[in-house]
Amino acid sequence: MNQNYYCVIMAGGIGSRFWPVSRNLRPKQFLDILGTGKTFLQQTFDRFAQIIPRENILIVTGHAYASLVNEQLPGLDPAQILSEPSRCNTAPCIAYATYKIMAKDPNATIVVAPSDHLIINEQEFLRIIGKAMTFAGGKDVLVTLGIKPTRPETGYGYIQLTLNKKKEIPAMGEPYKVKTFTEKPSLELAKVFVESGEFLWNSGIFVWTAAAIRKALKTLLPEVDTLFEQGQGKYNTPEETDFIKKVYTECRSVSIDYGVMENADNVHAFPGDFGWSDLGTWESLYLQWEKDTQSNMVDARKAMLDKVSNSSIAVSNPEKLVVIEGLNNYLVADTDDVLLICPRNNEERIKQIMKDVDPKYL
C-alpha cells in the first residue's frame with residue numbers, strides 16, 4: 001500500500017432524517033440499519049482499509065461520539081480519532097484533518113468520505129478511488145466523485161461536466177473538468193439535468209493532496225484556514241486538544257462544497273456507477289431495500305400485513321409482532337420509546353416533529 005495515502009472519514013452528523021431510529025446519542029453512522037452485522041462506520045472503515053494503510057485512516061467525529069468510535073473500531077490509535085468540540089459543518093472538519101495529516105506527512109494524498117453511505121459494488125468503487133488518487137497525486141487539483149444518476153432526484157446536489165462534444169457519454173472512472181455545481185434542484189430542473197447526460201449526482205466524496213486542499217482553503221476560506229494554520233507545531237502533540245477547543249469557538253460553520261468546491265477553478269470529477277446512495281432519508285432506504293410483493297420495505301421479524309402497499313415498516317424490537325391493515329404509501333418506524341406513522345412522501349414533516357417533541361426523545 002502507498003504509505004502517503006490517507007483517508008478522512010467524517011462521522012459527526014446526527015442523522016436527524018432517520019429519526020426516531022437515529023438519535024442524538026447514537027446517530028445512524030453507528031447503527032446497523034441494513035442488517036449486515038456491521039454499522040455504517042465499520043463498513044466504511046473496512047472498505048477504505050483495503051487500499052489505504054489502517055494507521056492512515058482518521059475519523060473526525062463529535063466529542064460526544066468519540067467513545068462510540070472507540071467501541072466500534074477497537075485498536076485505533078487515539079491520534080486517529082479527531083474529536084470536534086462543536087459541529088461546524090465540513091470545511092472546518094476537513095481543515096482540521098488536513099493540518100493534522102500535513103504535520104505528519106506533507107506529501108499526503110487524501111480521500112475524504114462520509115461515514116454513512118451505501119456502496120453496493122465495492123470493487124468498482126475502490127477502482128475509481130484508486131484512479132482518482134493517482135490522478136490527484138502531485139497535482140494542484142480538487143477531485144470529487146460524481147454518481148451516474150438513475151432518476152431525477154431533488155434531494156441531491158448535481159455536478160455538470162465539461163464534455164468534449166455534444167451527446168458524449170461520460171466514461172466511468174475517467175476525469176472531467178467540472179463546469180458547475182447545483183444544489184438540490186426542482187423536479188423540473190432535475191429532469192433536464194438527467195436527460196442532458198452532462199450531470200452527475202454529487203457524492204460528497206473528495207480526493208486531493210494535502211497541499212492542494214490547503215492552498216484552496218487559504219485562497220477561498222482564509223478566515224477558516226488562518227485559524228487552523230495557527231496550530232502548526234501543536235498538531236500531534238499534547239497541545240492539540242486545547243488548541244482545537246479554542247479554534248472551534250471562533251470558527252464559523254461552512255460546508256466544503258459552498259466554501260471551496262463551488263468557487264474553485266481546478267475541480268475535476270470522476271463519474272462512477274457502483275450502486276451508491278447516501279441513505280440520508282427513510283425514502284432513500286426504501287428505494288434500496290428489497291420489497292415484498294406489495295412493494296413494501298419490511299424491516300421486522302414478525303409482521304402480519306393486510307392491504308398494505310408501497311410502505312416502509314421498520315421495527316427495532318425483533319420480538320415485537322407487527323399487525324398493520326389498510327395502509328398505502330406510509331412510513332412506520334417503531335423503537336422502544338417512539339412510534340412514528342406518517343405519509344412516505346411527507347418526510348420533511350419529521351423535522352418539524354423533532355422541534356416539537358420532548359428533547360428526551362431526540
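I call a residue buried under 20% relative accessible area, exposed over 50% and partly exposed in between (1.4 Å probe, protein chains only). Helices are DSSP runs of H or I with at least four residues, strands runs of E with at least two, numbered from the N terminus. The model is predicted, so local features need pLDDT of at least 70 and side-chain atom pairs pLDDT 80 or more, while totals for chains, interfaces and linings use all residues. Residues count from 1 along each chain as its sequence is written, and side-chain values use heavy atoms, without hydrogens and water.

Entry: helix α4. I found α4 at residues 122-136. Its buried residues include Phe125, Ile128, Ile129 and Ala132. Gly138 follows α4, with a positive phi near 75°.

Entry: salt bridges. I took a side-chain nitrogen of Lys or Arg within 4 Å of a carboxyl oxygen of Asp or Glu. My search of the whole structure gave 18. One of them joins Glu71 to Arg26, with the closest N and O atoms 3.6 Å apart. Glu71 sits in α2 and Arg26 in the loop between β1 and α1, so the pair ties together parts 45 residues apart in sequence. Arg26 is partly exposed, at 34%.

Entry: α6 and α7. Glu229 meets Arg214 at 3.3 Å, N to O. Arg214 is in α6 and Glu229 in α7, 15 residues apart. Lys218 also bridges to Glu229, at 2.9 Å. Glu229 is partly exposed at 24%, and Lys218 is partly exposed at 36%. I noted a salt-bridge network linking Arg214, Lys218, Asp225 and Glu229.

Methods: Expected span 1.5 Å × (residues − 1).
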